[in-house]
Amino acid sequence: MISRTDASVGAHCRCVLLVAELAVLVWIGGSSASSAEAGPATEHWIGTWATAPQPAIPSRVQAFRNQTVRLIVHVSAGGKRVRIKISNTYGEQPLLIGAAHLARRANGANIDAASDRKLTFGRKGSAKVAAGAMAVSDPVDLEVPALSDLTISLFFPEVAAATTSHTLAMQTNYVSAENGDSTAAVKFPVDNTISAWPFLTGVDVTPSPGGAAIVAFGSSTTDGDGSTKDSNHRWPDVLAERLQKEANGKAELGVLNEGIIGNRLLSDGHSPGQRGGPFEETLRQYGNGLGDAGVARFERDVLDQAGVKFVVLVLGINDILFPGAFIPASESVSAEQVIAGNRQLIERAHKQGIRVIETTIPPFEDATFHQPVIKFSTPEKEAARQQVNAWIRGSREFEGMIDFDQVLRDPSHPARLLPKYDAGDHLHANDAGYIASGNAVSLALFRAPEESEGEKRGNP
């Protein structure tokens, strides 16, 4: 959801597959990371933090010139060597990074001086990332504690328009004045703050050979819309904390949040059929900023993540809610089509040995977008939600299930969110709701495959 489509199913799935295959070709062709940049082939890497690159919302494109940005990330798993990923996926011009540093955060925008590390790319202190490409830094030695904050400081000597960014960071990040390279500054010269993550899309660490990553693949309910800024109360954050607590801070399981506000499983904003909806102009303001369809970005945001062994699928709610609101009702999707899209992702993950965990869709009765006021829910959409949830609860096509619907619904009125978990729009959870959701995830889902079937299915 913002800030919070028998024979027709088969035809749609063939179209979806084509979109996904084209996306894979674009991603492979655009990548600029080399094996030398990624470190020795013998090193085992896992993602410890990640965010999904998005095209910037047209009216909110930030630009930097002769400035440094200091970005704050809250890692999940710890490690002794670190590298970062920079994305120019949606850029139309090369991106010049004049300098980059990584350090442990002390407080605010300031760093622990002893932990400061200069980052290089192909052994060079600067990097030019081609339009449509990404770059991976050379590894640096640094003790990274689990659940700690890191700073990544990037200097942009030339105009750098952040056409590739992550909009809903729910994290305060810092920008210097136009005063040159401040990447190594212990006390960062803050000129202003931003609440997005421009260009940065990943941080990897080296655990033992048994380490792995879990990817949470969703929309705004995964991105943390409705939670408190700077609090790390998204449900994947809660899961990461519980994994570390169970293992006394030694869990080598990274939790990667690949949620995007307004993202859909089957569609994005490119289809001409989506024009002419009752609130077309509102949706148009977001441009392509709600991200590529889940089936198109799955390769990049899940399958290509370092060390990924598990994926939690949390997409589909916006496919059901958007038609008749932001887009014409003629673009409505059926429960069967949402299920078919999920089956495609399951098949693609299984081909790479990745275990799949499905999540039910929480209630959305009276779900409301506030500016302008748009109501989303209908009895037909509720019926589709129930049908998708019944498939998730009864299917044996994946390795586990998390029942977010059961956690968040009002027992006295199951079609709506429990008021104490409602962020106010009857769609997104608040801090308490996300914490309850994260606490409801069975940690047995991420243990060895030989665990009991009851544990694997997500039962306590």
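A salt bridge is counted here when a side-chain nitrogen of Lys or Arg lies within 4 Å of a carboxyl oxygen of Asp or Glu, and the structure holds 23 salt bridges by that criterion. This is a predicted model, in which local features need pLDDT of at least 70 and side-chain atom pairs count only at pLDDT 80 or more, while totals for chains, interfaces and linings use all residues. Residues are numbered from 1 along each chain as its sequence is written, and side-chain values use heavy atoms, with hydrogens and water left out.

One of these pairs joins Arg65 to Glu178, with the closest N and O atoms 2.6 Å apart. Because Arg65 sits in the loop between β3 and β4, and Glu178 in the loop between β16 and β17, the pair ties together parts that are 113 residues apart in sequence; strands (E, at least two residues) and helices (H or I, at least four) are DSSP runs numbered from the N terminus. Arg65 is partly exposed, at a relative accessible area of 41%, and Glu178 is partly exposed as well, at 46% (buried means under 20%, exposed over 50%, partly exposed in between, with a 1.4 Å probe and protein chains only).

Arg393 is partly exposed, with a relative accessible area of 31%, whereas Asp405 is buried, with 2%. Asp405 also pairs with Arg385, at 3.0 Å between the closest N and O atoms, and Arg385 is likewise buried. These residues belong to a network of salt bridges that links Glu382, Arg385, Arg393, Asp403, Asp405 and Arg409.
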